[in-house]
Amino acid sequence: MSISPHKNKAANASDNFGAGKPVVSELGKRIFFVTGEPGCGKSTFLAALIQKFNLQPSGFITKKEETAAEPALYIHQIINGTTQFRYEADNRAGICCSPKPVGFAPVFDAYGVMCLKQAETAVRSSLDGDYADAGYSEATQKNSTVSEPTDTPQPYDISRNSTPPQQHLPVILLDELGVMEADAELFFRTVCTLFSNPQYYIIGAVKPRGTRFLPVLEQMPEATVFHLTPHNRPQLYAQLEQAQSFAAFLHIVSGGSPNGKK
């Protein structure tokens, strides 16, 4: 079964928090996802994006781990920019076997949804602390430079090799959405609900095929999906370098495409 995200609610809807604060959708684009073949640099670019604009991600990353038995996929939670690595049965999301990986839907529906709910709580808490403006601290960003990396950094470590920021912009990070979640209905619906909330900035990576998430993102006017390849990767890093704020980057990278899809 497939669903589309719920329609955005009005800014004065009863369940909106932070009365009097602008909703994110009033600023334009608010969702950015990168897609592409394995090894094209999706997670590496997200790490550069996070560092460039002092983003404070909460959500999850997925990583394949080579074990004695067989390669397994684990979900690792991120809260306020800190990744909590663990390797237990409850966050072991699937087996990366050939020719087709096998996902554990109950893990996505339990541990994955827990990560999403706690990410939402973390972002709400940050927004209540007056971090809702995406154009914050632009003066501290004008001298930032971002080049396409030659070595792969440790993803999402925002505590090293950077000047302490005046503020962090809270975002929800989903890296990555793929095919193992096919039968995880609660996880899918929870992700779509996050997509639909006009107060959240969301970034992440998504598989280029075989997933229900990519069609949902490509039909959302608030979302930009960049199809990353080794050929166009320098272009994306150049757009990141050009932008003076995260909101400006979302505007630049959308490039006037119907959905912002690249």
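Helix 1 (residues 42-52) and helix 5 (residues 233-242) have axes that come within 11 Å and cross at roughly 5°. That makes helix 1 roughly parallel to helix 5 (angles under 35 degrees count as roughly parallel). This is a predicted model, where local features need pLDDT of at least 70 and side-chain atom pairs count only at pLDDT 80 or more, while totals for chains, interfaces and linings use all residues. Residues are numbered from 1 along each chain as its sequence is written, and side-chain values use heavy atoms, leaving out hydrogens and water.

**Where helix 1 meets helix 5**
- T44, F45, A48, L49 and K52 of helix 1 meet L236, Y237, L240 and E241 of helix 5 (contact means heavy atoms within 4.5 Å).
- By class, this contact has six nonpolar, one polar and two charged residues.

**The buried side of helix 5**
- L236, Y237, Q239 and L240 are the buried residues of helix 5 (buried means under 20% relative accessible area, with a 1.4 Å probe and protein chains only).
- Seen down the axis of helix 5, these buried residues fall within an arc of 155°, so they line one face of the helix.
- Their packing partners are strand 1 (31-35), helix 1, strand 9 (223-227) and helix 6 (246-254).

**Aromatic pairs**
- The count comes to 13 aromatic pairs (ring centres within 6.5 Å).
- F188 and F213 form a tilted pair, 5.2 Å centre to centre with 55° between the planes (planes under 30 degrees apart count as stacked, over 60 as edge-to-face and the rest as tilted).
- This pair links distant parts of the chain, with F188 in helix 3 (residues 185-196) and F213 in helix 4 (residues 213-218), 25 residues apart.
- Both F188 and F213 are buried.
- Ring pairs also link F32, F45, F53, Y201, Y237, F246 and F249 into a cluster.

Terms used: Axes fitted to C-alpha atoms, helices over the stretch in contact; angles between N-to-C directions. Helix = DSSP H or I, 4+ residues; strand = E, 2+ residues; numbered from the N terminus. Parallel < 35°, antiparallel > 145°, perpendicular 65-115°, else oblique. Nonpolar A, V, L, I, M, F, W, Y, C, P; charged D, E, K, R; others polar. Buried < 20%, exposed > 50% of the residue type's maximum accessible area, 1.4 Å probe, protein only. Arc of directions from axis to C-beta. Phe/Tyr/Trp six-rings, centres within 6.5 Å; stacked < 30°, edge-to-face > 60°.
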